[in-house]
Amino acid sequence: LEAEVLAAGVTVLRVAKEVEVAGTRISPGEILVHRMPEERALREMAEAAREAGARSVIYFALPGPGLRASYSARHLAAVGGGVELALEWRPPGEVVLRNVGAVDLPVRLEGWELVLQSEEMGAFLSAGPGEFGENRVEGGLPAEAAGELVLRFAKLAAGERIVSGAVVARSGGLRWRVAGAGEEWRALDLE
């Protein structure tokens, strides 16, 4: 299957060779379209169920390896509020990004970026990204010579966390933000 993303939540899968999906044979040249339910529609359905007398609503994703629901139950149950992120440092240099709010950072086509900045050289280490999708340093510099390190991730549901590899060497003027999440620059406490 060759995937092509058309829009947020819509993916076209072009079949290159015969394949079977959930017991249905699909021939080369045919296409499958996957559409993720929109958040607004899911919230409206849950509200309609409550108004009709339902005591609760069950939200689930179909089973399968690696498959996860598009939005967390905590996110869909939230009324108002926003994303609330916290970043902590722990030895031997890992950073832990937590979504302590009630709203998800949903899957985003271009991904999310945790940006770490330092005014001093030697603040960062060359290490793997840990649970983040990748880490990047602008200009091809080694991390130890960089003033900025970017850790990319796809989503962060309410109540979840992502742990990096050992990427932060020491304190000294470190600040962070998640680009696109409305987060202003915040100091990283390394105590």
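Biologist: Which ring does the charged end of Arg 175 sit over?
Modeller: The ring of Trp 185, with the charged end 4.1 Å from the ring's centre. A charge counts as over a ring if NZ of Lys or CZ of Arg is within 6 Å of the ring centre and within 35 degrees of the ring normal.

Biologist: Before I go on, what kind of model is this?
Modeller: The model is predicted, so local features need pLDDT of at least 70, side-chain atom pairs count only at pLDDT 80 or more, and totals for chains, interfaces and linings use all residues. Residues are numbered from 1 along each chain as its sequence is written, and side-chain values use heavy atoms, with hydrogens and water left out.

Biologist: OK. How many helices and strands in the protein?
Modeller: There are 2 helices and 13 strands. Both are DSSP runs numbered from the N terminus: helices (H or I) have at least four residues, strands (E) at least two.

Biologist: And what share of the 191 residues is buried?
Modeller: 32% of them. Buried means under 20% relative accessible area, exposed means over 50%, and partly exposed is in between (1.4 Å probe, protein chains only).

Biologist: How many residues are in the largest nonpolar core?
Modeller: That core has 27 residues. A nonpolar core is a set of buried Ala, Val, Leu, Ile, Met, Phe, Trp, Tyr and Cys residues joined through side-chain atoms within 4.5 Å. Among those with the most contacts inside the core are Leu 97, Phe 153 and Trp 176.

Biologist: Which elements give two or more residues to this core?
Modeller: Strands E6 (85-90), E7 (94-99), E8 (112-117), E10 (148-153) and E12 (175-179).

Biologist: Back to Phe 153. What does Phe 153 touch?
Modeller: Its contacts include Leu 97, Leu 114, Phe 132, Ile 162 and Val 178, not counting residues up to four places away in sequence. Contact means heavy atoms within 4.5 Å.

Biologist: How many aromatic pairs?
Modeller: The count is 1. Rings of Phe, Tyr and Trp (its six-membered ring) pair if their centres lie within 6.5 Å; planes under 30 degrees apart count as stacked, over 60 as edge-to-face, and the rest as tilted. Phe 132 and Phe 153 have ring centres 5.8 Å apart and planes at 80°, so this pair is edge-to-face.

Biologist: Where do Phe 132 and Phe 153 lie?
Modeller: Phe 132 is in the loop between E8 and strand E9 (134-136), and Phe 153 is in strand E10, so the pair ties together parts 21 residues apart in sequence. Phe 132 and Phe 153 are both buried.

Biologist: New topic. Is E8 mostly covered or exposed, and how many of its residues are buried?
Modeller: Mostly covered: 5 of its 6 residues are buried. E8 pairs with E10 in the antiparallel sense over 6 bridges. E8 also pairs with E12 in the antiparallel sense, over 5 bridges. Two strands pair if DSSP finds at least two bridges between them.

Biologist: What is the bridge partner of Glu 113 in E10?
Modeller: Arg 152. In E12, the partner of Glu 113 is Ala 179.

Biologist: And in what order do the 3 strands of the open sheet come?
Modeller: E6-E7-E11, with antiparallel pairing. E6 and strand E11 (161-163) are the edge strands, each pairing on one side only. E6 and E7 pair over 6 bridges.

Biologist: Last one. Where is Ala 127?
Modeller: Ala 127 is in the loop between E8 and E9. Ala 127 counts as partly exposed, at 24% relative accessibility. Ala 127 and Gly 165 are 38 residues apart in sequence and 5.9 Å apart in space, C-alpha to C-alpha.
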